Amino acid sequence: MSCGFRGRIYRLRAGWGPPGSPRPGVAPDRVEAALDEAIAKAVQEGVTDAQVAQAARQLTAGAAMARDSLMGGARTLGAALAVGLPRDSVEFWPSRIRAVTAERATAALRAVLSNEGSTTGWLLPAGGNRA
């Protein structure tokens, strides 16, 4: 959390929420509207092959870098085992991520991102002023 911001917005949909932080002097309502617009556009247009490929590169690069340290791989494997996942879920995760298609990602996006039942929460400074 940055001390320079006057609030934080979280749009929660199916347990997930993209965060938004207004710049000083920008009303939080504008950030909320921009998030809603971006989500509506993504749901309507879906994702492209290039976007999925970029996301897969970023995710798998992060996984490779985590395994580059002695503790990173052990921590990842331990976390998976602690919640009952098999060892293979960690071992083959990068190849499973690379196998995601734009069609599958778009279907998941449309299944999860919906205004139905969504909730917006505001984390405000002391005094509760949203301006």
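These legends walk you through close-up views of a predicted model.

**View 1. Helix H1 from end to end.** Helix H1 covers residues 28–45.

View 2. Look for Pro28, Val31, Glu32, Leu35 and Ile39, the buried residues of H1. Around the axis they cover an arc of only 100°, which means that they sit on the same side of H1. An α-helix has 3.6 residues a turn, so residues three or four places apart point the same way. On the face of H1 turned away from the buried side, you can find the exposed residues Arg30, Glu37, Gln44 and Glu45.

**View 3. The largest pocket and its lining.** Here is a space of about 520 Å³, the largest pocket. It is lined by 24 residues, and those closest to its centre are Val47, Val52, Ala55, Ala105 and Leu109. Helices H1, H2 (49–66) and H6 (102–112) each supply at least two residues of this lining. H1 gives the most, with six residues. Sorted by class, the lining of the largest pocket holds 18 nonpolar, three polar and three charged residues.

**View 4. Helix H3 and the glycine after it.** Helix H3 takes in residues 70–82, 13 residues in total. From first C-alpha to last, H3 reaches 19 Å, close to the 18 Å expected at 1.5 Å a residue. Following H3 comes Gly84, with a positive phi near 90°.

Conventions. Residues are numbered from 1 along each chain as its sequence is written. This is a predicted model: local features need pLDDT of at least 70, side-chain atom pairs count only at pLDDT 80 or more; totals for chains, interfaces and linings use all residues. Side-chain values use heavy atoms; hydrogens and water are left out. Helices (H or I, at least four residues) and strands (E, at least two) are DSSP runs, numbered from the N terminus. The expected span of a helix is 1.5 Å times one less than its number of residues. On a 1 Å grid over the protein atoms alone, a cavity is a set of points where a 1.4 Å probe fits but cannot get out, and a pocket is an open set with protein on both sides within 12 Å along at least five of seven lines; lining residues have an atom within 4 Å of a point. Grid points are joined across faces, edges and corners, and a volume is the space filled by probe spheres set on the points. Ala, Val, Leu, Ile, Met, Phe, Trp, Tyr, Cys and Pro count as nonpolar, Asp, Glu, Lys and Arg as charged, and the others, Gly among them, as polar. Buried means under 20% relative accessible area, exposed over 50%, partly exposed in between (1.4 Å probe, protein chains only). The arc is that of the directions from the helix axis to the C-beta atoms.
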